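Hello,

Please find the structure below, followed by notes on what was found in it.

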Amino acid sequence: MMHCTATVSSSIINLVKTIVGSGLLAIPYAFRNDGVFIGICLTLLAAITSGFGLFVLAKCSKTLVNPRNSSFFTLCMLTYPSLSPLFDFAMIVQCFGVGLSYLVLMGDIFPSLFGGNRDTWIIASALIITPLCFLKRLDHLKYSSILGLFALVYLSLLVISIFIRDILIQNGNASPAPRGDIYWLKVYDFKGLLSTFSIIIFAYTGAMNLFTIINELKDNSMTNIVKIINGSIAISSIGFLSVGITGYLTFGSNTLGNIMLNYNPDSIFVVFGNFALASMLLLSFPLLFHPLRIACNNLVVWFEINYRQSVPVTDYYGNQGPSNITSSIPESNQPITLTVNEEDLVDENSTLLTQPQQPDVEQENEMATDETYGGSEPPLPGDVEQHTPFPHTRFCWITVILLIALYVLALRITSFALVLALVGATGSTSISFTLPGLFAYKLIGSDSLAVGQMISKRDKFYKKGSLLLVIFGISVMILSLYVTLFFGTES
């Protein structure tokens, strides 16, 4: 049985660590091209849109009979089942690409600190990464996330303290690099603004772990989930703005793509900062690997649903469901349907059904208005119970295959900036904006319709906001792809 022991604090730690990664050190360069005012505006825009995306995903999870079964796969199969493989593939591309970049960066940083060759350090990192990747619960990574946050805090304080010392106290005289021009209101480089646009917009990508956080939360009420989302976005925003502004004001138009390259490499504080950066990458890798493995399993389950007659009801944590709960595949390629005997509804030990069944939906279907769903029947949360099987054996072989693939590629690739940029433009946009908007527009309010009630004004507002989020996500993806393909990855 799944033990839901995660707290609000531990969940905030994991979500912040998922959001804030090595991209933090590229924020000052984005401010260099955008200017202070535009940089702040883009940061706040990214915070609001990403935070809203996380919020509507959480709202979608509450439309399920059992919110602890929530996942991208669950919502895909309830709303757009035929597109489920495409959505999971976007998650795989995003997490695999970023995880691969982390291994490549570790291979570049550790040799500069301790000597040796990059291949040796990449292989050595497996000694720490592999055990962490075999942990099944995201909450078990909270301690490694805390260490990673300490590394982020040190890097942030390093950037801020050098700004205070060199600019505020010594007026730039102690800066190891000459200070360039500072632009407060106008844009320094319009071409650079376009090429660095995705740095800030994608900085808040963290939706890949949101459902796991919700599922493992001891009290997964919307009140607590909102606290986690707001707290994580606020902490991330403080970090992005403080590092972005102070780093840019320290070096002005001479700010480099990685702010650490602007500092004196012989300084003991900078050396320790590079070590903190490498350690942060090491401890962030498992947080990306967790949703990557889940997305791969979702693809396996999708093929089982569509090409096999039955799916064993085994949950992610290896628990076999009761024998009188069966799984069947409807001919219409709908999600996994669970047939539950009446005695299971009052069985306190049931691991798959923790809430009463919804009222008979056949009658309530007639309550759905054409105006709300364009003439199609709304997805009703009580209609089908979702549960994604993840047997322990499959968990192990997916983990092993993914780790081998990642390490083999990391040993062969030295730079893949263009590929990573394309991954960000497609994967990050889908996960942060497009998918949350699509799910929310179709699911929010369906729980009210299922019991014959009108959709509340607040839910109607969320649905309209979700539609705008889809439009925003598609626009960002088109712009990012255009910039990547026609401007390249150089700035």
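In helix α8, the residues G192, L193, S195, T196, F197, I200 and I201 are buried, where buried means under 20% relative accessible area, exposed over 50%, and partly exposed in between (1.4 Å probe, protein chains only). The model is a predicted one: local features need pLDDT of at least 70, side-chain atom pairs count only at pLDDT 80 or more, and totals for chains, interfaces and linings use all residues. Residues are numbered from 1 along each chain as its sequence is written, and side-chain values use heavy atoms, with hydrogens and water left out.

Helices are DSSP runs (H or I, at least four residues), numbered from the N terminus. Helix α8 covers residues 190-201, and its 12 residues reach 16 Å from first C-alpha to last, close to the 16 Å expected at 1.5 Å a residue; the expected span is 1.5 Å times one less than the number of residues.

Helix α1 (residues 8-19) also has 12 residues, and its end C-alpha atoms are 16 Å apart, in agreement with the 16 Å it should span at 1.5 Å a residue. Because 10 of its 12 residues are buried, α1 is largely enclosed by the rest of the structure. Those buried residues pack against α3, α7 (142-169), α9 (210-216), α10 (222-251) and α11.

**Nonpolar cores**

A nonpolar core here is a set of buried Ala, Val, Leu, Ile, Met, Phe, Trp, Tyr and Cys residues joined through side-chain atoms within 4.5 Å. The largest has 117 residues, and F72, I129, F285, L292 and F439 have the most contacts inside it. Helix α11 (residues 268-307) gives the most to this core, with 16 residues. Another core, of five residues, lies apart from it, with M77, V301, W302 and I305 among them.

L292 touches I92, C95, F96, L402 and L406, residues up to four places away in sequence not being counted; contact means heavy atoms within 4.5 Å.

**Two loop residues**

R68 sits in the loop between α3 (36-61) and α4 (72-79). Its relative accessibility is 22%, so R68 counts as partly exposed. The C-alpha atoms of R68 and I213 are separated by 9.7 Å, although the two residues are 145 residues apart along the chain.

N220 is in the loop between α9 and α10 and counts as buried because its relative accessibility is 12%.

Regards
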